[in-house]
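The sequence and structure come first.

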Amino acid sequence: MSEDRIYNSEEIEKLKTVFSCIDSTTLEGADTHQKVEQLCRQSLQMMDSGKGIARVAAVCVYPVFVRQAKRLLEGSGIHVASVAGAFPAGQSPIEVKLMEVRYALDEGADEIDMVISRGSLLEGEYQKVQDEVAAIKTACGSRHLKAILETGELQNSENIYRAAMLAMQGGADFIKTSTGKIAVSATLDAARTMLQAIVDFEEKNDRKIGFKAAGGISTPEQALDYYDLTFQMLGEKRANNQYFRIGASRLTTRLFQLLTK
């Protein structure tokens, strides 16, 4: 994928929409308050109304940085998202997960990105998986809950589809592909399966579900692939950050530079 690729006007307009749907993310063990401040200030600076570029949708950080991010982004319209619930492995009791979720919410998180219990799903404990999502959604109340399936660990499309359904039945507002912490992150095949699950769920339920692609999406070309697939399956009316997100770090800067040339 060439950095020198020329994008046509239709693609540029799509990429402007994509930019407004980014959750600009730092989720490293070596994260510091300085790094989070840099991410927040960069997110505030990356707006150019003259060229039709809106702000990113959210900044996504660990719970211990939520209060800082909330203060720095106050009044900007950029949400603060926090991973919580034993991210990235999910291998903790639900009581522990809920404590972390409530901590992040108390610190000011607007959105929670949780991980489902993949081990429980692979052992056939489907009700447990759904119940955990439901418990965390109850804690979130009106604040958005994104359920991360970690599709690279689910072995096949049947498990991905089932996980998506369980998360939505548990009350998740978004279903998300990956943590970005394992070798196999977001793939278009997994995304297609998840989007089909959304279509099927919405046919039987009066509730619209969002989709978030995350993990390894670092180029405008990749972002366009997920944009096109999402709206091919869900429709152009979902072309906004209420229903579509991309979790990214490197992509944010690359996309802004491209759009402000």
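With which residue does K14 form a salt bridge, and how far apart are the closest N and O atoms? The partner is E10, and the closest N and O atoms are 3.9 Å apart. A salt bridge here is a side-chain nitrogen of Lys or Arg within 4 Å of a carboxyl oxygen of Asp or Glu.

This is a predicted model, in which local features need pLDDT of at least 70 and side-chain atom pairs count only at pLDDT 80 or more, while totals for chains, interfaces and linings use all residues. Residues are numbered from 1 along each chain as its sequence is written, and side-chain values use heavy atoms, with hydrogens and water left out.

**Salt bridges**

K14 and E10 both belong to helix 1 (residues 9–20) and are separated by about one helical turn, because they are 4 residues apart. Helices (H or I, at least four residues) and strands (E, at least two) are DSSP runs, numbered from the N terminus. K14 counts as buried at 18% relative accessibility, whereas E10 counts as exposed at 52%. Buried means under 20% relative accessible area, exposed over 50%, and partly exposed in between (1.4 Å probe, protein chains only).

By the salt-bridge rule the count comes to 22. Three of these pairs are listed here.

| Pair | Closest N and O atoms |
|---|---|
| K14 and E10 | 3.9 Å |
| E111 and K146 | 2.6 Å |
| D113 and K176 | 2.9 Å |

E111 forms its salt bridge with K146. E111 lies in strand 4 (residues 111–115) and K146 in strand 5 (residues 144–148), so this pair ties together parts that are 35 residues apart in sequence. Both E111 and K146 are buried.

D113 forms a salt bridge with K176. This pair links distant parts of the chain, with D113 in strand 4 and K176 in strand 6 (residues 174–176), 63 residues apart. D113 is buried at 0% relative accessibility, and K176 is buried at 4%. Salt bridges that share partners join D23, E111, D113, K146, K176, K212 and R245 into one network.

**Helix contacts**

Two packed helices are described by the angle between their axes and the distance between the axes. Axes are lines fitted to C-alpha atoms, for helices over the stretch in contact, and angles run from 0 to 180 degrees between N-to-C directions.

Helix 8 (residues 188–204) packs against helix 9 (residues 220–234) at an angle of about 25°, with the axes 10 Å apart. Helix 8 is therefore roughly parallel to helix 9; angles under 35 degrees count as roughly parallel, over 145 as roughly antiparallel, 65 to 115 as roughly perpendicular and the rest as oblique. The contact (heavy atoms within 4.5 Å) involves L188, A191, R192, L195, Q196, I198 and V199 of helix 8, and D225, Y226, L229, T230, M233 and L234 of helix 9. The residues of this contact divide into 9 nonpolar, 2 polar and 2 charged. Ala, Val, Leu, Ile, Met, Phe, Trp, Tyr, Cys and Pro count as nonpolar, Asp, Glu, Lys and Arg as charged, and the others, Gly among them, as polar.

The axes of helix 1 and helix 10 (residues 250–259) come within 10 Å and cross at roughly 140°. Helix 1 is therefore oblique to helix 10. In this contact I12, L15, K16, V18 and F19 of helix 1 meet T252, L255, F256, L258 and L259 of helix 10. The residues of the contact of helix 1 with helix 10 divide into 8 nonpolar, 1 polar and 1 charged.
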